[in-house]
Structures are given as C-alpha cells and as structure tokens.
Amino acid sequence: MILKSIRWRLQIWYGLVFLAVLTGFGLTAYELERNRQFRNLDAEFQKRMGALSSSMRPPLGPRGPGPDRGGGPDDQFPGGGPTDDRGGGPGDGFPGARPPEDRPFPGPGGQDFQFRLPSSLTNLFGAESNSFYYVIWGRNGAELARSEAAPRDVPPPPPDTGPGGQPPPRMRGPLREFFHATPGGGSLLVGSSIAEDLAGLRVVAWSLAAAGAVVLLLGLTGGWWIATRAMRPVEDISATAVKIAAGDLSQRISAADTDSELGRLAAVLNSTFSRLEAAFAQQRQFTADAAHELRTPIAVMLTQTQTALSRERAADEYRAAVQACQRAAQRMRKLMESLLQLARLDAGQETMKQLPFDLSKLAADCVEMVAPLAEARRVKIQCAVPPTPCLGDPEQISQVLTNLLANAIEFNKPSGQVRLTAETQSSVVKLTVADTGEGIAPEDLPRIFERFYRADKSRSGAAGHTGLGLAISRAIVRAHGGDIQAASPPGAGAAFTVTLPLPHRPSS
Amino acid sequence: MRILIVEDEPDLLRSLAQALQEEGYAVDTAAEGPSGLFNAQTYDYDAVVLDVMLPKMDGWEILRRLRQTKKTPVLMLTARDQSRDRVRGLDTGADDYVVKPFDLPELFARLRALIRRGAGQAANVLTVGDIVIDTGARQITRGGQPVALTAREYALVEFLALHHGQVVTRTALYDHLFDENESSLSNLLDVHVSNIRKKLGPGFITTRRGHGYCMGGPA
C-alpha cells in the first residue's frame, strides 16, 4: 500500500502544508494588489466626484437661495428656466465657466435643461467608452444631466442610502459607479468601465496561480528528493536486514555518518549483527567440533566391526574387536556427557547446590582420586590447603579440581611435581594448581578455555580427552560466582588459579 | 603392495592394519608424526594412509616434507570434512582424501585406485596372455576359469602385472610385498613364485637370474 510508505506520507503531508501556505500567500498577495488597484481607482472616482459635486454647489447670493434658507432641492436650482442672458456673475458652482456653460440649474419643472460640463473638468470626463462618465438626477429621480460617454440606461441610485447618506459604490458588469447625494436632494453618479483594470487583476491572479504552481512543483520535487535522501539510510538498513534475515550474517549497514540519528542506529544494529554473527559462528564451530569428536570413535567401531565380520575369526579376535568397540563407545559416552553438562551449564539448568563443605577435605579427596595416575607418571603431588569453609556444589568443585590435577599430572615432565595451594583473600579463596611441565605456549594461553581447543592438536586421539574439560571447569566455577585463570611463565610450568567467593561469615 | 598407515588412535590403527593385511597388503604402521615421516621417506611404499591429527608433527607437515623427495601416493585420513580442509589437503599434494568415519570397502577401493595410478595403469583389469587380473575384484582367471590364489600370491601377481614387461628385482618385491617384520625371510619369495607357477603355468613368470622376475616380457 503506497500510503503506508513513510516517504509517501511525508510527501503528502508536506505537499498539503505547502499548498495551504502557497494558497494563503497567493490569496493575500492578490487581495493586496486588488485593494491597491481599487484604492487608486476609487481615488480617481472620488476626485471626479468631488470636482463635480463642488461645481454643483448652489450659488450663493441674491439669485440663489443660501443654505440657510432651508435645504429644499428646489432652492438649489433657482430660476425657472434657462437664463442664458443673465450671464454675469460667475456662479460659485462653476468657477471660471464661460457664459454658455454657466447656466443656472433648472428648477424642478425645467424640461429643456442642458448641462454643460465646466471646461476645467472636460479632461476628467472623456467621450470615449472607457472614460469616466457622470449622470445627475434631480430630487424626483428625473435625469438632469449626463455626460457623453454615459451608457444609455444607467439605473438610478437605489433609494436606500447608506449610513453616510450615500449608497455604496456598485458594480454593473465591468462598470463601477459611485453615488453622491447632491445638496438639493438629487444624486450624482460617476462611473467608469474598469474592464481593463479587472483584466489586469485577472492577469495578476493567473500569474500568481502559475507562479504558485511552479513553486509547488519545485517544492514537491525538492521535498521528494529530501524525503528520498532522508529515507535512504532507512532503506539501506532494511535492505541489509533483509539480507541478514535471508541468512547472510556477514552483511553490514554502510553508515558513513555515524553522528546522525540513523547513523547511530546503524552502528548499534551493526554491532548487534556482529555479535549475532559471532554467536552463530561459535555455535557452528561448536557443532562442527562436537561432530568431529565423534568421528574417530565411530571410525574405530566401523573399521573394527567391518574387519571382524569380513571372515570367520577366532574367539579372541572377536573379543579384541568388541573391546575396541567398547572403548570407542565409552569415549563417545564421555563426550556426550560432557556436551550435555556444558549445555545444561549454558542454559543455567545445572542447579547449583549450596552446600557447606571444607575445601581442604575436598582437595585431599581429589588428590587421592588422581593418586594412581600420579603414581603411574611418577609425579609427586604437594597439597597445602588450609581448612576453609566454602559454600557450593562440592561434587562440581571436585570435578574442576580433579580435572586440573589430572591435566597437571599428564602434562608434567616425568618425576615432576604438582603443587595444590590455597590462599584466602578478604572475601575470596584462590586455589592454585601448578605443575612443572613444559607450560602452555603464549599463543595457546588465551584460548585453552575454549571448547574443543587443544594446545596439542594430536591429543584428540588420546582416550579420555574430550577437549571440553577446561571449558566445563570454567563454566562450573563461573556458575559459582568465581573465575578461573591460567598462567604459564616461561620455563616454570603452568598454573591454574580458581577463585571462589567465600560465604559471608556470621557476625565475626 | 606395501602400505604405510600413520594414525595415532591405537584401535583404529590396529584394525586398519589387520584389514589391509587380510587384503594381501604388506602393512607398516606409525603412531606419531616423526616416525611416520621417517618410514615414508625411507621405504618405497605403494601408498601411505596418513591421518591429519598426529602427535608431534601433523599430517600436513609430513605430507609437505615427504613431497620434497617422494611421489608416493598419499591418502589423507581426517575427521574434518570441511571443503577448506579438503582443498588444503589436495593442494598440499595429497592424492586422495577420506573423511572419518569411513567404510572399509571404500577405503580399499580408493587405495587400489591410488596404487594403480601410481604404477601408471588406469584400467582395473590387466590382461597377460590368457590370464586376466581383475584388481577391483582381486580375482584372477585363466582361460575364463577362476584361479584360487592366496592373498600374498595375488599381491605378487598384481605387482608384476602392474610392472608388466619390466624386470622387477627381488629387493623391490621384498620391499613392496613384505612388511618390516617379514623381510628377513629370504626364501619366502621363491616359495610364492613356485606356487604361482603351479597355478598359472610355468611360463607366466620368468626368472632373470641375477636380476629378478618378469611377467609377459621378452623371454
């Protein structure tokens, strides 16, 4: 599902926000431009309106009633008819007008009224269709005058006037018309076609829309690019994880920038993968080693049985073959038991008994157990373990100690010595088994506790050596909360030290 | 045919040696690296069965040193069956490679093939006159009739047949047919040759006095 993709969701959100911002911006810009245009236009209208209305002010003086006589509309237009002949006084309403234009306004009943624009205003109202025009109505709504360019049927102003005494400007198609109440109760209209201005505004609107679309497109492209870039490490991680899931544990995420959030995630994942790979490799190695250990005894059994059965044999030949098979089987049993013990120790299933025992007695028992082996090799064992109360599984500690002693005897030189000593240090006891053999090579020393690791590669064949003894010893000691270490100073044999925690003594 | 087995697991060594002896081979054994290398360098074995994990010197090292002087066919015996090990074995100069645990019949077959190739013979059936030697079945027929031979007699016939047309010295025969413990019995060879002549006809093996024996060559 495409909408599930983070990149797409990012892109959609980003696009929507961007679109809203752009729309708001465009609308604002258009509105500002439109207001500016209309303000300019309206100023033009107001200029003409002002000029017209001021020229229409009723003349003061004896011929015309002043405003103080009551604002009747009739009074505004004194005189019953055209009075061309009167000429003389320049009316206030049409300053500087020539006599033919300086006609008094007709009375309400005047039919043959002709309004002539004062020359000073002619440049304000042209004859062209797109120029400003005016229409003047009397109090009764009769049209009194109109300019040349005024459209034929200009509707009279709405009777309902606004709070300022003037109806708001109206739009009739492309025509914008302003009203002004004349002092006599009539009204004055100034209008003009603003089609060109409206067309200009439309161009502005389309330009804004086009620019907005281009910017939106650029923004979306940029956003997609950024989202792709931002998502690439995630995709790398997921691609690598897919490969690892498919079984290729050697894959790593390439994280060039380890300081970024994703880089740190990649580093963490990489180290997890490394540990996983190491664990798998160890497991594989362990399985291979275990299988390898089984191969030789099985080879013995196969060869022995195949040889024995290839023809009729004397009883003692059969016996020899069966004995060889028995030895091989015993070796496999020992290996199997060791593997099981290790597996239990690994899983933490080996229940650690917490029994009190005395270390010196346990050490003496172990020495006694390996005495026949020591005698056979003419190795002397010195045991100097002071009585030390311990807590743990004495059987398992015995196994560790016996294993260490047996190793010390076996890898000793003829007529060598094995020293078993113990030293108590604050809360731990250190048990050391030291021999006088050839010691352990420095390159083997760090690895001797590994499973199936043998310093002497050939010892696989030697019966009783599974290559697991030291690994089991370490697992047991660690399960007791202690540790085991090996040291081999050049020319001084090998020394294994088992550190066991001592139980807390009551009060003292 | 004389074979050296170098193997440190005593039970395996003993049963392998016994099985190979019963197949008619002269068998020498060594339980550790250095003595195995010494034997392999000293005698002209027809094949060496070499374990990889050995005390004191491992199989790789023995093979490396042996290859400096000898082309004796070597069959490596190992408990590792990873292909890396097989590649290493073959690259070091091993002629074949058997993984423990193995089936004895397979081991024997591989040894026979090694010995045949070592003697420059590719086929496992050798024909000399009306006598056919099937080295796979270890059986000899004369005119289509099987002839019963002891293992040692068969080995002698096979060795001469592998070196068909060549004069084989008594020393060589002793070296290849008898192991270290038997070599002192000097007239044993004559007894076997005389028995073979009784079974396969007097002209089958010719004696070159002062040189040795020859099969199928110019009389």
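This is a predicted model: local features need pLDDT of at least 70, side-chain atom pairs count only at pLDDT 80 or more; totals for chains, interfaces and linings use all residues.
Two strands count as paired if DSSP finds at least two bridges between them.

In chain B, strand S10 (residues 167–169) and strand S12 (residues 212–215) are joined by three bridges and run antiparallel. One of the contacts along this pair can be named: Val168(B) has Tyr213(B) in S12(B) as its bridge partner. S12(B) also pairs with strand S11 (residues 205–208) of chain B, through four bridges and again in antiparallel fashion. Here Ile205(B) is partnered by Met215(B) of S12(B). S11(B) and S12(B) make a hairpin, with three residues between the two strands. In the turn sits Gly210(B), whose phi is positive, at about 85 degrees. Strands of a sheet pair through backbone hydrogen bonds, either parallel or antiparallel.

Taken as a whole, chain B holds eight helices and 12 strands. Of its 219 residues, 41% count as buried. Among the contacts in chain B with a separation of 6 or more, 58% come from residues 24 or more positions apart.

Chain A has nine helices and 12 strands. It has 508 residues, and buried residues make up 26% of them. Residues 24 or more positions apart supply 62% of the contacts in chain A with a separation of 6 or more.

Chain A contains an open sheet of five strands, in the order S2-S1-S5-S4-S3, with antiparallel pairing. Which strands stand at the edges? They are strand S2 (143–146) and strand S3 (170–172) of chain A; each has a single partner strand, so one side of each is left without a neighbour in the sheet. From one strand to the next, the twist averages 25 degrees. The partner of S3(A) is strand S4 (residues 175–181) of chain A, joined to S3(A) by three antiparallel bridges. Within this pair, Arg172(A) is bridged to Leu175(A) of S4(A). Helix H1 (residues 6–55) of chain A lies across strand S1 (133–137), S4 and strand S5 (187–193) of chain A, and runs at about 145 degrees to S5(A).

Further along chain A comes helix H8 (residues 394–410), which has 17 residues. At 1.5 Å a residue, H8(A) should span 24 Å, and its end C-alpha atoms are 24 Å apart, so the two values agree. Which residues of H8(A) are buried? Among them are Ile397(A), Val400(A), Leu401(A), Leu404(A) and Ala408(A). An α-helix has 3.6 residues a turn, so residues three or four places apart point the same way. The buried residues of H8(A) pack against helix H7 (359–377), strand S8 (389–392), strand S9 (417–425), strand S10 (428–435), helix H9 (469–479) and strand S12 (495–501) of chain A.

The two chains also meet: 21 residues of chain B are in contact with 19 residues of chain A. On the chain B side, helix H1 (residues 10–22) gives the most, with seven residues. The residues on that side of chain B divide into 10 nonpolar, two polar and nine charged.

Over residues 106–114 of chain A, pLDDT stays under 50, and the model has 18 contacts beyond four places in sequence for them. Residues 459–463 of chain A also stay under 50, with 12 such contacts in the model.

Key:
Residues are numbered from 1 along each chain as its sequence is written. Chains are lettered from A and ligands numbered from 1 in the order in which they are written. Two residues are in contact if their C-beta atoms, placed from the backbone, lie within 7 Å. Ala, Val, Leu, Ile, Met, Phe, Trp, Tyr, Cys and Pro count as nonpolar, Asp, Glu, Lys and Arg as charged, and the others, Gly among them, as polar. The expected span of a helix is 1.5 Å times one less than its number of residues. A residue is buried if 20 or more other C-beta atoms lie within 10 Å of its own, exposed if 12 or fewer, and partly exposed in between; C-beta atoms are placed from the backbone. Axes are lines fitted to C-alpha atoms, for helices over the stretch in contact, and angles run from 0 to 180 degrees between N-to-C directions. pLDDT is the predictor's confidence in each residue, from 0 to 100.
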